[in-house]
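Biologist: Before we discuss any labels, could you show me the model and then take me through the terms one by one?

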Amino acid sequence: MAAALAIRGLDMVDPVAAAALPPDDDFDANVAHLVRADLNILRRSDALLIDMSLANRIYVGCVCELTYAHTWRIPAVVWVGDTGLERRVWLRYHATAVVRERVEALDVLTAVVAHSPGKLRDMAT
């Protein structure tokens, strides 16, 4: 996905790759650190791209990020594949667009970022 976005002149920020655990074995401290780091990346992003294309998967973190993006007025494109998730009312309400195809997600995201106020030209996934 990073390569496909780069071709379109967009940079992808992967919060999982960007996060570094603190040198602390305390699980709760690590969880709080990771979530805060992820939200800091999201807050500075122009848009959010969520891949929910795998069937029978629980997307708790993605849904939480989507809710924050909606609250912060950050456009969010959700790619659902053939999962049937496009019929989910709460998903459609919080997302700027819900699409079934990967290329459609890229097209919509490119258009959304081109029309966004523009912060860092980054997207959190």
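Modeller: By class, the second largest pocket is lined by eight nonpolar, two polar and two charged residues, where Ala, Val, Leu, Ile, Met, Phe, Trp, Tyr, Cys and Pro count as nonpolar, Asp, Glu, Lys and Arg as charged, and the others, Gly among them, as polar. This is a predicted model, in which local features need pLDDT of at least 70 and side-chain atom pairs count only at pLDDT 80 or more, while totals for chains, interfaces and linings use all residues. Residues are numbered from 1 along each chain as its sequence is written, and side-chain values use heavy atoms, with hydrogens and water left out.

Biologist: What makes a residue part of the lining of the second largest pocket?

Modeller: On a 1 Å grid over the protein atoms alone, a pocket is an open set of points where a 1.4 Å probe fits, with protein on both sides within 12 Å along at least five of seven lines, and a lining residue has an atom within 4 Å of a point. The lining includes M52, R57, Y59, L66, R88 and H94, and the space comes to about 250 Å³, a volume filled by probe spheres set on points joined across faces, edges and corners.

Biologist: What makes the largest nonpolar core a core?

Modeller: The term stands for buried Ala, Val, Leu, Ile, Met, Phe, Trp, Tyr and Cys residues joined through side-chain atoms within 4.5 Å, buried being under 20% relative accessible area with a 1.4 Å probe and protein chains only. The largest such set has 16 residues, and M52, L66, V78, V80 and L91 have the most contacts inside it. A second, separate core of 13 residues includes A4, V77, W79 and V112.

Biologist: Which residues point each way from β3?

Modeller: A76 and V78 point one way and V77 and W79 the other, and all are buried; a strand here is a DSSP run of E with at least two residues.

Biologist: Why is N56 called exposed?

Modeller: Exposed means over 50% relative accessible area, and N56 is called exposed because its value is 83%. N56 also has a positive phi of about 60° although it is not a glycine.

Definitions and conventions
Helix = DSSP H or I, 4+ residues; strand = E, 2+ residues; numbered from the N terminus.
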